[in-house]
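Subject: Structure handover

Hello,

Here is the structure for you to look over. My notes follow below it.

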Amino acid sequence: MSHTPDVTNVPIVHSAAVSAEAVPVIQRLQQLIEAADLPLALQVIVAEQKLSQKVRQQLSDQYQTPLFIIDNKLQLSLLTHQISVAPDWKSLQRRVVSAGRKSEILLQACKLTDKSQVLDATAGFGHDSLILASTGAQVTLLERNPLMALLLMYEQQLMSQQANWQKLMARLKVVCADSAQFMEALAFASQKEQALSASGYDVVYLDPMFPENSYENTATGKGAKVGKHMQALHHIAQTPDLAEEQKLLDLALNTVVLGGRVVVKRPAAAPLFAQASPDESWHNDVLRFDAYFNPA
């Protein structure tokens, strides 16, 4: 028998001032939940007052669980531990347009072409996936948390309505799945010679959570300021232990094609992922990208 995950009730709050306008947003979210079979049930809550920062903090304290906010501009965001944050892909437009190996260390490490297949096994808010897909590569975004996955699916659908984003959005596929389980399924399918793994991934990209004190500038020795997106993720995702890191790296190396690579994002001063020395590494004062090769 297959295990059916427990359904999580998720409050989604909007002010009474936009009750009518919020209906299509909620309907789109419901459709995405059904299409992706996400274990979520939306609980619509209408607030009489405007959803100011103070009101959001009160809501966060009241529900003690992550919830969705639809503001008066009909923008969807996730509220967790008094932090309200959204993928906000449009804010990355300039960076996406100008992305290249000269400006993006990530792309130096991944060495993608428009024929590449990439598995972003720890998608988060999808920002790095946009940079990866800017090369023309096809990118599969894995996100274990159903709320985060829904947020990504909604953002992709929203941005697909913008003419200048449509080609990029068509290169993204959001999947709600645990990365280890997903890669284990790929390995099993490969053994059974099923079509699921026929194409293979050229790159598996890992951006695992690290302890919050990992962000230290190697030049100054001072901690780097952690943005809202990362703060929110620290409340949602867990930092893997050594055994989990080793399992994830082994699975990733088994997932990429011969001649492919696994690229791991780390704070510059962080210890090696899975205590494994990379084949090559790229870094600046804040971040490091370690690459592990699957020799041809």
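A contact here means heavy atoms within 4.5 Å. Please keep in mind that this is a predicted model.

Overall fold first. Among contacts between residues at least 6 apart in sequence, 67% join residues at least 24 apart. The protein chain holds ten helices and twelve strands. Of its 296 residues, 49% are buried.

Next, the cores. In soluble globular proteins, nonpolar side chains tend to be buried together. The largest nonpolar core here has 55 residues. Phe68, Leu130 and Leu132 have the most contacts inside it. H6 gives the most to this core: nine residues. A second, separate core has 23 residues, including Ala180, Val204, Val256 and Ala274.

Phe68 deserves a look on screen. Leaving out residues up to four places away in sequence, Phe68 touches Val10, Pro11, Ile12 and Val13, among others. Its partners also include Leu42, and Leu76, Ser77 and Leu78. Leu147, Leu150 and Leu151 are on the list too.

Now the second largest pocket. Its volume is about 430 Å³. The lining counts 22 residues, and those closest to the pocket centre are Gln75, Ala86, Asp88, Lys90 and Glu155. The largest share, four residues, comes from H6. By class, the lining has eight nonpolar, eight polar and six charged residues.

H6 also carries Gln157. Which residues does Gln157 contact beyond its neighbours within four places in sequence? They are Arg28 and Leu32. Gln157 and Leu32 lie 125 residues apart in sequence, yet their C-alpha atoms are 9.4 Å apart in space.

Last, the cysteines. How many disulfides does the count come to? Zero, by a rule that asks for a pair of cysteine sulfur atoms within 2.5 Å. Cys110 is buried, at 2% relative accessible area. Cys176 is partly exposed, at 27% relative accessibility.

Best wishes

Terms used: Residues are numbered from 1 along each chain as its sequence is written. This is a predicted model: local features need pLDDT of at least 70, side-chain atom pairs count only at pLDDT 80 or more; totals for chains, interfaces and linings use all residues. Side-chain values use heavy atoms; hydrogens and water are left out. On a 1 Å grid over the protein atoms alone, a cavity is a set of points where a 1.4 Å probe fits but cannot get out, and a pocket is an open set with protein on both sides within 12 Å along at least five of seven lines; lining residues have an atom within 4 Å of a point. Grid points are joined across faces, edges and corners, and a volume is the space filled by probe spheres set on the points. Helices (H or I, at least four residues) and strands (E, at least two) are DSSP runs, numbered from the N terminus. Ala, Val, Leu, Ile, Met, Phe, Trp, Tyr, Cys and Pro count as nonpolar, Asp, Glu, Lys and Arg as charged, and the others, Gly among them, as polar. Buried means under 20% relative accessible area, exposed over 50%, partly exposed in between (1.4 Å probe, protein chains only). A nonpolar core is a set of buried Ala, Val, Leu, Ile, Met, Phe, Trp, Tyr and Cys residues joined through side-chain atoms within 4.5 Å.
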